[in-house]
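The sequence and structure come first, followed by the points grouped by topic.

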Amino acid sequence: MHRSRDLGGIAFLDLRDRLGLVQVSFDPKFASPDVIAGAQAAGLESTVIIEGTVSLRPVEMRNSDMATGEVEVKATSIRVVGPAVTPAIPVARGKGAQLPAEELRLKHRLLDLRRPELQANLMLRHRLLQRARSSMTGMGFFEIETPILTKPTPEGARDFLVPSRVHAGEFYALPQSPQIYKQMLMVAGFDRYFQIARCFRDEDLRADRQLEFTQIDLEMSFIEQRDVQRVVEQVLVDLWAEAGESVSAPFLRMKWHDAMEKYGVDKPDLRYASLQLSDVTAHVGDDAASFVRDAITAGGRVRALKLANAADMSRKEIDVMAAAAKDAKAGGLIWAKRTEAGWEGQGVKAIGASALEKIGGAVGDLLLAVSGPDHVTSPALHNVRMLAIKRPNVEVEAKHAFCWIVDFPLFEPDAETGARVFAHHPFTSPHPDDRAFLETEPDRCRALHYDAVYNGNELGSGSIRIIDPALQSTVFKLLGISDADQQKRFGFMLDGLAAGAPPHGGFALGFDRIAMLLAGSSSLRDVIAFPKTTAARALFEGAPTPIAAPDLKALHIAPIAD
């Protein structure tokens, strides 16, 4: 029961199911007084079964806002089969209705899931899953399931561990991805695999990340990088079509270095492709401030973003952008406005009047700049750019902007320790042109890795894999994994590759994120039936929860002392 009304002895109910609403009338001409009284007494959100006749409404009573607005059900009986207590939260009555706080809605998720918006999202998710399966099957892929209880492996995040009851002191891990299994399926001869895979990563949550998630996972044999990309493009074109959006392939390809140079990030929002960063270091002279000159002397650069017709930006707006730059560890944001009289603002002293004249620009331009090493200037200016594109006068150049980012580094320094770690995962093949540097200058090596990006969102990642067990062992050693540890952790994989592995590569699409984007939502929780909070809690069922001491003992785990 969605809504009830009583008009002069005739009761009206709006009934709701997952397909929509229908009006039911209880008219004394068709329903007995007891039936009408039952309709009037039933509580909102109760589950009812109605019998009656579907009839056209009088013309003057038709409702063009309802899909069923031309008809109503003239009820002859009503049975309340699921009486409802007063709802803990209101079920929203349409778009624009005020929603309760999200934590309250997650705690009472069953009521929240009755909202038409969430039901539409989950029905879209269903259609997208079926379209993905159809698309992959049509291209000759086999859907094969891989284990959920598996062995801990390094995938870039913490594993969820599952204690074994029958093997004291030993643990399974929930898979961060089916990576090793799908590679072994290639060795086994299943040359086109896919799976709608459930994956688990014990990492911090945010609006577009959950502890458990779904990915469209695929692997192919006897292919090169472009072959995998063509398959992924077809899947994405099909998924967007399922959501009513027409997009085309092939997608733009961009090298990682170029993306970082032009946009400060490896997942650029190319709906605003012309809004690019520039290196203005060469223009900086002796009249620049000492902190700028010192940054250049230390090997850094001055990089800038020029905004046309933005000189009217208020100081408050600039301060917000400066705060965004500082969030990325920048010392501050340099700014200058081009007026009829020339450049004005603190940027004149910071990078020097001579530099600004060399940079040039039209009256009305605003220059925003950051000095320092690339690992500071890139994220700082990316943050500034993302705020800039939200301004009302910035032109959207494309509705759907897909691209491939290629030629990533094979290794990168750990943000906290500085130690060498794999940029994506340790099974990615080095670029053949850089193989000679692997043991002598490994940090020069590029990877045969590729990301799919859409409107500034990473949709997924893939790579061509290492198939030579000796090369795989070398990569492990560069990551500090000893021969003994390799055998302990990856012996089964190295033995599998030694059995004769075909050239292969694959990809994984973040399905939850795709569903979120196509539903027009800003949170994964809107496209997942029972999601976790950003504090990693399942409020509906109350997980995680303490475990009783006898149950821990059965798993050979000692309870923590108070």
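**Salt bridges and helix packing**

Glu-45 has a relative accessibility of 3% and therefore counts as buried. The model is predicted. Glu-45 pairs with Arg-114 in a salt bridge, with an N to O distance of 2.9 Å. Across the whole structure, a search finds 38 salt bridges.

**Glu-45 and Arg-114**
- The two residues are 69 apart and link distant parts of the chain: Glu-45 lies in the loop between helix H1 (33-41) and strand S4 (47-56), Arg-114 in the loop between helix H3 (109-112) and helix H4 (116-138).
- Arg-114, at 28% relative accessibility, counts as partly exposed.

**Other salt bridges**
- Arg-198 and Glu-212 form a salt bridge through their side chains, at 2.8 Å from N to O.
- Arg-198 belongs to strand S9 (residues 192-200) and Glu-212 to strand S10 (residues 212-221), 14 residues apart.
- Arg-198 is partly exposed at 36% relative accessibility, and Glu-212 is partly exposed at 25%.
- In the salt bridge of Asp-269 with Arg-271, the closest N and O atoms are 2.7 Å apart.
- Asp-269 is buried at 2% relative accessibility, whereas Arg-271 is partly exposed at 23%.
- A network of salt bridges links Arg-105, Arg-109, Asp-112, Arg-115 and Glu-117.

**Helices H5 and H14**
- H5 (residues 179-187) packs against H14 (residues 483-498) at about 25 degrees, and the axes are 10 Å apart.
- The two helices, H5 and H14, are therefore roughly parallel.
- The crossing of H5 past H14 is left-handed.
- Ile-180, Gln-183, Met-184 and Val-187 of H5 meet Phe-490, Phe-492, Met-493, Gly-496 and Leu-497 of H14.
- This contact of H5 with H14 has 7 nonpolar, 2 polar and no charged residues.

Methods: Residues are numbered from 1 along each chain as its sequence is written. This is a predicted model: local features need pLDDT of at least 70, side-chain atom pairs count only at pLDDT 80 or more; totals for chains, interfaces and linings use all residues. Side-chain values use heavy atoms; hydrogens and water are left out. Axes are lines fitted to C-alpha atoms, for helices over the stretch in contact, and angles run from 0 to 180 degrees between N-to-C directions. Helices (H or I, at least four residues) and strands (E, at least two) are DSSP runs, numbered from the N terminus. Angles under 35 degrees count as roughly parallel, over 145 as roughly antiparallel, 65 to 115 as roughly perpendicular and the rest as oblique. A crossing is left-handed if the near helix is turned anticlockwise from the far one by less than a right angle, and right-handed if clockwise. Contact means heavy atoms within 4.5 Å. Ala, Val, Leu, Ile, Met, Phe, Trp, Tyr, Cys and Pro count as nonpolar, Asp, Glu, Lys and Arg as charged, and the others, Gly among them, as polar. A salt bridge is a side-chain nitrogen of Lys or Arg within 4 Å of a carboxyl oxygen of Asp or Glu. Buried means under 20% relative accessible area, exposed over 50%, partly exposed in between (1.4 Å probe, protein chains only).
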